[in-house]
Amino acid sequence: MDEAMTIRNERLANKLINALKRRHYEAYYCENQSALLQQAGKLIPEGSSITWGGSLTIRSTGLTEMLKRGNYLVYDRDAVTDPQEKLKIYRKAFECDYYLSSVNAMTEDGIIVNIDGNGNRVAALCWGPTHVLLVVGLNKICSDLDSAVKRARHTAAPINMSRFNYKTPCQMDGICHDCLSKDSICNYMAIQRLSHPAGRHIVLLVGESLGY
């Protein structure tokens, strides 16, 4: 990364951290994925119970693998193939000390937008786990709430539909049609203004492009 981009990212991250703290989040900036892993290791106490949602971001950074190698009680939905066992892990998330996820979009003033097909991820973000650790690449930052919602619907959703190979209109041409398909991933949307209780959500901003 060149110097100009590094400076820009640091300044944007400082703005975001101040905005998030006003909204009662705990927030940190990690310049790269290596710094992210170090910071996460400092934040999550050994012995904690942990699980995560379907985020590619947290997997691509190596975070989930690092935690599985550590001294933690990990409920790994990726290691389960039986649908009933996977459902048990989804429900176990509400009892965990830490739930890991990314976001679909975040505004420059700290409002977080997520969209979900089944609703298990947005449900856990809103209630249940003692702490929620959110890994957010700076590519997810949008100027305002309207653009954040559009990013979730028009960018993240069509890409994820292609990943899952569901036959929705957006999977066919990459454009949101505001469809009513039974396979739609745009079923539940959470717009999060504040962290409640204060400090429950921990945001790790990463100065790289991560996820969709």
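Is Cys-170 buried or exposed? Select Cys-170 and you will find it buried, with a relative accessible area of 12% (buried is under 20%, exposed over 50%, partly exposed in between, with a 1.4 Å probe and protein chains only).

Before moving on, a word on the model: it is predicted, so local features need pLDDT of at least 70 and side-chain atom pairs pLDDT 80 or more, while totals for chains, interfaces and linings use all residues. Residues are numbered from 1 along each chain as its sequence is written, and side-chain values use heavy atoms, without hydrogens or water.

Stay with the cysteines. A disulfide here is a pair of cysteine sulfur atoms within 2.5 Å, and a search of the whole structure finds 0 of them. Cys-126 is in no disulfide either, as the nearest cysteine sulfur, in Cys-186, lies 17 Å away.

Now select Leu-56, Ile-159 and Tyr-212, which make a nonpolar surface patch of about 220 Å². Leu-56 sits in helix 3, residues 56–60, and is partly exposed at 32% relative accessible area.

Finally, zoom out to the protein chain. Colour by secondary structure to see 8 helices and 10 strands (DSSP runs numbered from the N terminus: H or I of at least four residues, E of at least two). The C-alpha trace spans about 40 × 40 × 30 Å along its principal axes, and 47% of the 212 residues count as buried.

Terms used: Patch = residues over 30% accessible without salt bridge, like charges linked within 9 Å, V, L, I, M, F, W, Y side chains within 5 Å. Areas by Shrake-Rupley, 256 points an atom, 1.4 Å probe, with all protein chains shown as cover. Salt bridge = Lys/Arg side-chain N within 4 Å of Asp/Glu carboxyl O.
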